[in-house]
Amino acid sequence: MAVNREIIKFLAMVVVILVAPLLVHEGYLINVMVFIGIHTMLALALNLLLGYAGQISLGQAGFFGLGAYISGILTATHGINPWAAMAAAALFVTFLAFIVGFPILKLKGHYLAMATLGLGIIIYIVFNEAVEQTGGPSGLSGIPNLQVAGIVFDTDLKNYYLIWAFTLAAMGLALNLVHSRIGRALRAIHDSEVAARVMGVNARLLKVQIFALSAGLSAIAGSLYAHTMTFIAPASFGFNFSVELVTMVIIGGLASIYGSLLGAALLTLLPEMLRAFQDYDIIVYGLLLIVMTMFMPGGLVKGVPSALSRIRGKLQGRPVPHA
Amino acid sequence: MLKVKNINTYYGKVHALKNVTIHLAQGEIVALIGANGAGKTTILNTLSGVIPARTGSIQFLGEPVETLPPDRIVKIGISQVPEGRQVFKGMTVADNLELGAYLRFRSREPREQIRQDMRHMYELFPRLEERKKQMAGTLSGGEQQMLAIGRALMARPRLLLLDEPSMGLAPLVVQEIFGVIERLRRDEGTTILLVEQNARAALKMADRGYVLETGKVILEGAAAELLENPEVQRAYLGKEKKEIWER
């Protein structure tokens with residue numbers, strides 16, 4: 001019964017996402033929605049690690065970039081099929097994260113933050129300095145679009161459906177995962193790692209596995225990004241972007257799959273909507289984030305329903321317990 | 001069933017267990033008593049693999065287990081109820097219990113058996129059933145202790161390690177929990193190693209006991225004998241306590 005409700009919720013979201021671009025006729029907005037898709041996938045990947053297992057990573061942009069560059073270099077420079085390049089990128093990054101995960105995830109709290117931050121920065125430096133392969137700071141261009149059975153994904157609308165197909169698949173996979181035995185074990189690690197271990201959860205291995213999964217998903221997002229944009233430069237994969245991803249997860253709602261979507265959507269749309277403030281947009285943006293974390297500590301996914309019920313209560317004139 | 005021989009455990013440079021040797025027979029309740037810092041909890045953590053011993057041997061059902069990681073230890077039938085309960089506060093009572101059966105889910109044991117065990121836990125601790133959809137963090141101390149025990153039992157252990165089940169609980173609740181422990185041994189033949197500050201209550205329930213002091217076993221014997229032992233009475237049971245003006 002609870003499972004059915006989950007499925008209905010998911011299908012409703014799929015329908016909304018399928019129909020959305022048909023209501024929007026402006027190419028620019030569809031382009032923004034493509035980015036929301038990519039960001040959702042990235043926020044989702046991070047949320048599995050941060051929201052569920054309680055392990056921070058400030059190096060997600062690095063994995064995103066690795067996916068983009070591996071795909072880009074293999075196709076643009078070596079002429080390999082884009083789909084094969086995407087698979088290679090995902091496998092390589094998953095494997096890399098699995099190997100570096102063992103030493104890194106022994107660390108906790110601030111130390112884990114520092115280590116993942118360092119990892120992200122190392123990757124970023126490689127993008128800038130390995131000029132022969134990556135093109136250095138001026139970027140890598142001429143990355144081909146993906147294609148399926150003769151359809152080339154070269155317009156915003158086509159890319160929209162391509163990217164959302166991947167994002168929805170990732171969301172479905174994540175929903176399945178968090179409602180399984182594994183999701184329960186991840187939340188247990190979050191609450192008390194020692195207790196989880198004496199209950200028979202191999203916490204060390206599970207943390208590394210979820211880290212690798214998170215990195216692999218980010219790499220797929222990176223690969224999609226490269227083939228959609230056809231041009232990539234290191235600036236998109238720096239430390240700032242890692243922090244932005246953490247913000248998306250927290251604003252959207254920790255340990256919530258739909259929260260990742262909300263957080264990604266909000267943080268992608270906000271800068272676009274704040275264009276009206278011109279040079280002051282960054283100040284308004286920062287203020288909004290502060291206000292939101294103050295009044296919606298559980299993220300949008302919990303804050304919006306509770307705010308609505310409070311407003312409804314006020315309208316009907318009955319007292320509402322403080323949330 | 002369990003033979004622990006000459007184990008030495010360290011926290012960094014601190015030598016916490018010094019040549020500790022203990023054993024448990026099938027179906028026994030054995031109490032470990034001693035002051036704070038004597039090494040009682042360390043023995044349990046060493047047995048469950050959380051803090052492995054540096055030297056010495058541990059045999060469980062005839063197999064050496066001293067090098068196994070915690071998850072393998074659970075798999076072969078040793079479950080720990082950690083000190084301070086450590087329930088998963090952000091998860092529901094039912095989820096906590098299901099997590100106790102983590103390895104059984106993983107080995108694809110029929111769901112029906114696990115569900116049956118859940119019902120059994122609710123029968124042992126009716127209060128948990130009333131609160132099964134509630135977050136574990138909202139339970140009272142006694143209920144959390146019950147949940148911690150139930151969670152450990154969901155792994156179907158042959159040996160249960162109980163770390164201070166009476167800690168910070170009202171006497172009536174302690175009685176209830178000790179009643180369940182006795183029932184587990186009587187009805188299900190679970191072997192129990194019990195660490196307690198409340199030495200009198202522990203020795204009344206146990207068959208045998210070990211007294212620890214600064215990482216060493218200084219006394220062992222039948223629980224009834226330990227209860228009568230003047231040394232134990234003075235140090236741990238508060239007998240012959242002299243008030244200042246009597247000295």
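A residue is termed buried if 20 or more other C-beta atoms, placed from the backbone, lie within 10 Å of its own, exposed if 12 or fewer do, and partly exposed in between. By this definition Gly141(B) counts as partly exposed, because 14 C-beta neighbours lie inside 10 Å. The structure is a predicted model, in which local features need pLDDT of at least 70 and side-chain atom pairs count only at pLDDT 80 or more, while totals for chains, interfaces and linings use all residues. Residues are numbered from 1 along each chain as its sequence is written, and chains are lettered from A and ligands numbered from 1 in the order in which they are written.

Gly141(B) belongs to helix 7 (residues 141–153) of chain B; helices (H or I, at least four residues) and strands (E, at least two) are DSSP runs numbered from the N terminus. Apart from neighbours within four places in sequence, Gly141(B) is in contact with Gly168(B) and Leu169(B), contact requiring C-beta atoms, placed from the backbone, within 7 Å.

Chain B contains an open sheet of 6 strands in the order 6-7-8-3-9-10, with mixed pairing; two strands pair if DSSP finds at least two bridges between them. Strand 6 (78–81) and strand 10 (216–222) of chain B each have a single partner strand, so one side of each is left without a neighbour in the sheet. Within this sheet, strand 3 (residues 29–34) and strand 8 (residues 191–196) of chain B run parallel and are joined by 5 bridges. Val30(B) has Leu193(B) as its bridge partner in strand 8 of chain B.

Between the chains, the contact involves 23 residues of chain B and 15 residues of chain A. On the side of chain B that touches chain A, helix 2 (70–75), helix 3 (93–100) and helix 4 (102–106) of chain B each supply at least two residues. Met199(A) is in contact with residues that include Ala188(A), Val74(B), Leu99(B) and Tyr102(B).

Chain A has 14 helices and 4 strands. Its radius of gyration, taken over C-alpha atoms, is 20 Å, close to the 20 Å that the globule rule (2.2 Å times the number of residues to the power 0.38) gives for 323 residues, so chain A is as compact as a globular protein of that length. Of the 323 residues of chain A, 45% count as buried. Among contacts in chain A with a separation of 6 or more, 74% are accounted for by residues 24 or more positions apart.

Definitions and conventions:
Two residues are in contact if their C-beta atoms, placed from the backbone, lie within 7 Å.
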